[in-house]
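Let's take a friendly walk through this chain, from its overall build to its cores and its charged pairs. Have the sequence at hand as you read.

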Amino acid sequence: YVDDEFGNYHDEWTELLSPAIDLSGVEDPMLTFYTYNWLQNGNPDLNTLDVYAVTADGTRHEVYHTVIKDLGNVQSWERVAVDMKEFTGQTVSLIFKGTIHAQDDYGYNWVLIDNIRIEHIAKVDLSVSDIEAPVQSEPGEAFTIKARITNEGAADVVSPKATLFHNGNEVASKELGTLRFSSSEFVEFTH
């Protein structure tokens, strides 16, 4: 959280520092966390988030940088995954640096992070969330189902297929483009 007595937070920043983390027992360590992507009234979140790993000798290594709006075009918690293999066997501290780029009444004066973890994750791991579907529909009338597919694995997934089932029977499927590491895509079916 950045506080400014004059109420203009532009280009101010704050850092969150973790305690030392021993990565010697983690195979292919992956840092994962969530950050909130504000998108209210069509205003994108222009704030930036940087993550650094600080090694035992005090060197600060930038491992991640993003403008929050680049994480997606919907207001929601966005999962971020950062490959930490180069630090396997070492002890590191993490620094999360949020920089505010809001000006006047346009923008957001905060960067939120949550659920920080370092662990081994599977190469392929897709999840489905944010499912939107009608509670009920009229027989014979078309309706739309929408869902978010997220790649929570450690590698890109080429051409995953989303399949819609009704009472155990496949009724529609769509092949997605490449779903990059730590990214998500919405799929929509009309049935």
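What percentage of the 191 residues in the chain is buried? Buried residues make up 36% of them. Please keep in mind that this is a predicted model.

## Overall build

If you look for helices, you will find zero, while the strands number 15. Taken along the principal axes, the C-alpha atoms fill a box of roughly 65 × 45 × 25 Å. Among contacts with a separation of 6 or more, 68% are between residues 24 or more positions apart.

The accessible surface comes to about 11,300 Å², and carbon and sulfur atoms account for 47% of that.

In soluble globular proteins, nonpolar side chains tend to be buried together. Here, the largest nonpolar core has 16 residues, and the members touching the most others are Leu-31, Phe-33, Val-63, Val-82 and Met-84. At least two residues of this core come from each of strand 3 (29-37), strand 6 (48-54), strand 7 (60-67), strand 8 (76-83) and strand 9 (91-99). There is also a second, separate core of ten residues, with Ile-149, Ala-162, Leu-179 and Phe-189 among them.

Beyond its neighbours within four places in sequence, Met-84 contacts Pro-29, Met-30, Leu-31, Ala-53, Val-63 and Leu-94.

## Salt bridges

Side chains of opposite charge can pair when their charged atoms come close. This structure holds seven salt bridges. One of them joins Glu-78 to Arg-148, with the closest N and O atoms 2.9 Å apart. This pair links distant parts of the chain, since Glu-78 lies in strand 8 and Arg-148 in strand 12 (residues 144-151), 70 residues apart. Are these two partners buried or exposed? Both Glu-78 and Arg-148 are buried.

Another salt bridge connects Arg-117 and Glu-119, whose closest N and O atoms are 2.9 Å apart. Arg-117 is partly exposed, at 41% relative accessible area, and Glu-119 is partly exposed too, at 26%. Through shared partners, salt bridges also join Glu-78, Asp-130 and Arg-148 into one network.

Lys-69 pairs with Asp-70 in a salt bridge, the closest N and O atoms being 3.2 Å apart. Why does Asp-70 count as exposed? Its relative accessibility is 52%, and exposed means over 50%. Lys-69, at 36%, counts as partly exposed.

Notes: Residues are numbered from 1 along each chain as its sequence is written. This is a predicted model: local features need pLDDT of at least 70, side-chain atom pairs count only at pLDDT 80 or more; totals for chains, interfaces and linings use all residues. Side-chain values use heavy atoms; hydrogens and water are left out. Helices (H or I, at least four residues) and strands (E, at least two) are DSSP runs, numbered from the N terminus. Buried means under 20% relative accessible area, exposed over 50%, partly exposed in between (1.4 Å probe, protein chains only). Contact means heavy atoms within 4.5 Å. Accessible areas come from the Shrake-Rupley method with a 1.4 Å probe; for residues, only the protein chains shown count as cover. A nonpolar core is a set of buried Ala, Val, Leu, Ile, Met, Phe, Trp, Tyr and Cys residues joined through side-chain atoms within 4.5 Å. A salt bridge is a side-chain nitrogen of Lys or Arg within 4 Å of a carboxyl oxygen of Asp or Glu.
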